[in-house]
Every structure is written in structure tokens, then in C-alpha cells.
Amino acid sequence: MRKAFDASFDVPDGYLNTASIGIPPTEAVRKVSEAVERWGRGSDRPGDFDGPVATARDAFARLIGVPADRVAIGASASQVIGLVAASLPDDARVLVATDDFTSVLFPFAAQAGRGVTVTEVDLDEIGERAPEFDLVAVSAVQSKDGRIVDFEGLELAKQEHGTRVLLDVTQAAGWMPLRLDWADWVAGAGYKWLMAPRGSAWLAVHPDAPRPVPHSANWYAAEDPWEATYGLPLRLSGDARGLDISPVWLAQVGAAVSMEWLAGLDLAEVAAHCSGLADGFRAELGMPAADSAIVSVADPDAVAKLTAAGVVCASRGGQARVSFHLYNTAEDVERAVSALL
């Protein structure tokens, strides 16, 4: 059992794979386990989950620096990003980063039949090229190698040229301090750095951004969900809740615990811890610092070496990927470095 930032984690030594699956605080595990037990006894009612949904929504808003009434709930990053993609005008021009995660890319590429075009450029060119396009859709932190997007360049492109910006914070929220109240849309899934169960995701919508069409309109997105279970007319919430899907209950129970706790932490301190471990790992391997919690190792045998040493990592793009969260320690760095040197 590990202690980190006043929370307990049953995370094994050498677990450097948060960029794939985040390990929840034991309190979140307990709450989800209790919810599963109540489910097995038939003890819960649908309305019992409204509290966790609201708590997780508010926590996501705080973690990205926006009001909670801007945030809609979803189940995956691609699902909430798909709302934006499907609502683009015909012939819209979209700029993306080469080799970004496909959950960011595919929703827009799938709109080709309407004349929507998607152009890939290197991440380093995103800020410079943004004014040429109607929309930039990009991960705040790249899943493959941990590179960080040019936030300032994108904000400037929006302010001076009117370029719309969608940011996926799935690999950023939870370890990186974020102030994204300027972005048009901010999407994020909960099962990585937010340490929530899979099946939880959110979409923040700027009040000045085009409102996505609620393609999955349902009773839970209504102004009063419990009044809107049957019949027409359409009566959706006027704020971002009008884009909600019916919540994945157990996922929201876990998200409410882990994210409420995260949102109360000093994220600058968390980032210093996570990126500090990652940069320490980079330094030992002769790599430059990057201020990112994700590291990609080019050695073709790196995954095999790390796995043999008891390090849990991922293989991405033919390289080993390790990731350092708040429950990792200097001992995890040492174990990984020793395996590779």
C-alpha cells in the first residue's frame, strides 16, 4: 500500500502505466465496491446516482478551470468529441497533430462525406498553422510520447483569427494544472490520470462556441430529467447538461471520489512531482527534460527489458512508454533505469 498526497493506493512497485490505466485511490475502490454490492441487493434507485454525477462534473470543471454549467457528461473521449465533429459545417477545415490519438482524429475523419477535410501537421507546427483552419482538434498532451501542445499559440489563434479550438485533456487533466476557460471545447476521459473507472468522460463547451447538436438526446439531458422520461416535446437543459448522456452509474461513483480529491490538491505540486520523476528518468538515460509526465523510450528492446524487471509499461508506436503519476516514487524511477542501462 502506498500513500501519496494523503491518499492510499494499492499500486504495485514499478507500475508506470497510468497513461494506459490510472490506479484509483483505495477510497474510490471502496465506494465502487459498495455500489456493486448495493446493485446486487437491489438497494439503489436511479436518483441515488445524481449526487456522484454532479460531484464528478464539478470536479472536472475545476480541474480545467471552467464553470460546472459548461460541462456535459459522456462515456468516452471519442463519444463527446464526436458531438463536435458531427456538428461541424460542411466543408469545414480541421487541423490535427500527426499521430495524435485516433479518438481525437477519427470523429473528424468520419465527416469526409460532408466535405470536412482533416490536415495533419507536426505538433510543433500546430500553433503556427492554426489561423489557416476553421478548427484545431488536438490532445493537450500526446499519448504516444508526452509532448505538450502550444497552448499559447492556440489561444492566440482563437483570439486574433477566430480559429475554433478543441482540446482533449485525457493525458493531461489530473497531473497538469490547466486553465482552459478560453477553449471552445475541452474533452477528457476519466480512466487514466483522473483515476476514475472507464465509462466516464466530459465535454466542456464555451458559451461563445457553436453548440453541438445533441445527437444522443435523452431523458437525462432534460432540464428536469425526472419529468422527461416519456413523450414529446423535446425539452433539454439550456446549459451543457443538454448534451449529457445517461450516466454510467458505477463509473460516476468512482469518478466522484477520485476527481473530487484531485480537484482539491495543489496541481502545481502534483505536476512538479510527476514531471520531476519523469525528467529524472530522462536525465538518467541522457534525454533532455520535457516537463511532461509521459516518456517514450526508443530502444527497441525497452519493453522487454522493463517487463522483465517488473516494470509495467506500454508499447506505443514501436517504443516503450512509461508514465509517472502522483503515486509513483524515486524507487520506480530507479527500477526502470536499472532495467534499461
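Ala, Val, Leu, Ile, Met, Phe, Trp, Tyr, Cys and Pro are counted here as nonpolar, Asp, Glu, Lys and Arg as charged, and the others, Gly among them, as polar. With that in hand, the lining of the largest pocket in this predicted model divides into 7 nonpolar, 8 polar and 5 charged residues. The lining is made up of 20 residues in total, and those nearest the centre of the pocket are F101, S103, T170, Y191 and K192. The space inside this largest pocket comes to about 240 Å³.

The second largest pocket holds about 170 Å³ of space. Its lining divides into 8 nonpolar residues, 1 polar residue and 3 charged residues. Among the residues that line this second largest pocket are V84, L88, W185 and the run P210, R211 and P212. D134 and R164 also belong to the lining of the second largest pocket, as do S87 and P89.

The largest nonpolar core contains 65 residues, and L154, L167 and V169 have the most contacts inside it. Helix 2, which spans residues 50–64, gives the most to this core, with 7 residues. Leaving out residues up to four places away in sequence, L154 touches I126, G127, A130, V136, V138, V149, V165, L167 and W182.

Helix 10, residues 330–340, shows how buried and exposed positions can be arranged around a helix. Its buried residues are D332, V333, A336, V337, A339 and L340. Seen down the axis of helix 10, these buried residues fall within an arc of 160 degrees, so they line one face of the helix. On the other side of helix 10, E331 and S338 are exposed. What do the buried residues of helix 10 pack against? Their partners are strand 1 (2–4), helix 8 (267–284), strand 10 (294–297) and helix 9 (302–308).

Several details of the backbone also deserve a look. L232 and P233 are joined by a cis peptide bond, with omega at about 10 degrees. P233 sits in the loop between strand 9 (201–205) and helix 7 (249–263). Two residues other than glycine have a positive phi. One of them is F5, with phi near 50 degrees, and F5 is placed in the loop between strand 1 and strand 2 (7–9). F5 counts as partly exposed because its relative accessibility is 23%, and partly exposed covers values between the 20% limit for buried and the 50% limit for exposed. M195 is not a glycine either, and its phi is positive at about 60 degrees. M195 lies in the loop between strand 8 (185–189) and strand 9. Is M195 buried or exposed? With a relative accessible area of 1%, M195 is buried.

A172 belongs to the loop between strand 7 (164–168) and strand 8, and A172 is buried, at a relative accessible area of 1%. Setting aside neighbours within four places in sequence, A172 is in contact with A140, V141, L178 and W193. The C-alpha atoms of A172 and W182 are separated by 17 Å, with the two residues 10 apart along the chain.

G199 is found in the loop between strand 8 and strand 9 and counts as buried at 11% relative accessibility. G199 and Q252 are 53 residues apart in sequence, and their C-alpha atoms are 8.1 Å apart in space. Beyond neighbours within four places in sequence, the contacts of G199 are G74, A75, V248 and A251.

L250 is part of helix 7, and at 26% relative accessibility L250 counts as partly exposed. Apart from neighbours within four places in sequence, L250 is in contact with V32, A35, V36, W39 and P197.

Technical notes:
Residues numbered from 1 in each chain as written. Predicted model: local features only at pLDDT ≥ 70, side-chain atom pairs only at ≥ 80, totals over all residues. Heavy atoms only, no water. Core = buried A, V, L, I, M, F, W, Y, C linked by side-chain atoms within 4.5 Å. Buried < 20%, exposed > 50% of the residue type's maximum accessible area, 1.4 Å probe, protein only. Helix = DSSP H or I, 4+ residues; strand = E, 2+ residues; numbered from the N terminus. Contact = heavy atoms within 4.5 Å. 1 Å grid on protein atoms, 1.4 Å probe; cavity = no way out; pocket = protein on both sides within 12 Å on 5 of 7 lines; lining within 4 Å. Points joined across faces, edges and corners; volume = space filled by probe spheres on them. Arc of directions from axis to C-beta.
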